[in-house]
Amino acid sequence: MQASFVFAEGGEEGFWATAAPIIPHPLEFFFGLATFALLYVVVKQKVVPRLEQIYAERTAAIEGGMNKAEEAQAQAQAALEQYQAQLIEARAEASRIREDAKAQGAQIIAEMREQAAADASRITETAHKQIEAERQQAVVSLRGDVGRMSTELAGRIVGESLEDEARQRNIVERFLAELESGDVVREKVGDA
């Protein structure tokens, strides 16, 4: 401390210490200014370009990210529009398929009805033919049975045999023909 005191008493240095405590000493000022200038040059030539480069890279990355995000958003929007168009097309296709299925179903039902009607008509016609054939067969059978029984009965009444087949057939045929035409006249047996 003595050195600073002695130095302070030395004349010139004491002025700076007492008269203007805020104003720096000229040596300190020049030394600080030189150090600042040196530091400024180093920062300007070495640090600032590197910071500018990092800033540019980050700006490019951010802008690139934003561009990529915008492109991705545009692609997503295009995909959404394409999806919606496909969805509309699929709905239209489904509607058309439903309409086709309804039309085919109606056509199949109509064809089945026609086929059922044709089958029913054919079955009815076959049944009528079969009934007619059975009726004819029954008529022939009944004629034979009626003829045989009537000749047998007539033979018993008359008392003679009417076994002649041709004669028997002619009598029965004539009698049945008269019955069918309505020419048979009823006679009362007891009135004579």
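Across the whole structure, a search finds 5 salt bridges, and these are described here for a model that is predicted. One of them links Glu 93 to Arg 96, whose closest N and O atoms are 2.3 Å apart. The two residues stand 3 positions apart in helix 3, so that about one helical turn separates Glu 93 from Arg 96. Glu 93 counts as partly exposed because its relative accessibility is 37%, and Arg 96, with a relative accessible area of 42%, is likewise partly exposed.

A further salt bridge joins Arg 122 and Asp 119, with 3.5 Å between the closest N and O atoms. Both residues belong to helix 3, where they are 3 residues apart, or about one turn of the helix. Arg 122 is partly exposed at 48% relative accessibility, while Asp 119 is partly exposed with a relative accessible area of 30%. Another salt bridge is formed by Arg 135 with Glu 132, the closest N and O atoms lying 2.8 Å apart. Arg 135 and Glu 132 are also both found in helix 3, 3 residues apart, which corresponds to about one turn of the helix. Here Arg 135 has a relative accessibility of 43% and counts as partly exposed, and Glu 132, at 35%, counts as partly exposed too.

Phe 29 counts as partly exposed, with a relative accessibility of 43%, whereas Phe 30 reaches 53% and counts as exposed. The pair of Phe 36 and Tyr 40, by contrast, is stacked, with 6.5 Å from centre to centre and 25 degrees between the planes. Phe 36 and Tyr 40 both lie in helix 3 and are 4 residues apart, about one turn of the helix. Phe 36 counts as exposed because its relative accessibility is 53%, a value over the 50% cut-off, and Tyr 40 is partly exposed with a relative accessible area of 48%.

A nonpolar patch on the surface is formed by Leu 39, Val 43, Val 47, Val 48 and Leu 51, which together have about 390 Å² of accessible area.

With regard to the overall architecture, the protein chain has 4 helices and 0 strands, and the order of its elements from the N terminus on is α-α-α-α. Of the 192 residues of the protein chain, 5% count as buried. The accessible surface of the protein chain amounts to about 17100 Å², and carbon and sulfur atoms account for 61% of this area.

Conventions:
Residues numbered from 1 in each chain as written. Predicted model: local features only at pLDDT ≥ 70, side-chain atom pairs only at ≥ 80, totals over all residues. Heavy atoms only, no water. Patch = residues over 30% accessible without salt bridge, like charges linked within 9 Å, V, L, I, M, F, W, Y side chains within 5 Å. Areas by Shrake-Rupley, 256 points an atom, 1.4 Å probe, with all protein chains shown as cover. Salt bridge = Lys/Arg side-chain N within 4 Å of Asp/Glu carboxyl O. Buried < 20%, exposed > 50% of the residue type's maximum accessible area, 1.4 Å probe, protein only. Phe/Tyr/Trp six-rings, centres within 6.5 Å; stacked < 30°, edge-to-face > 60°.
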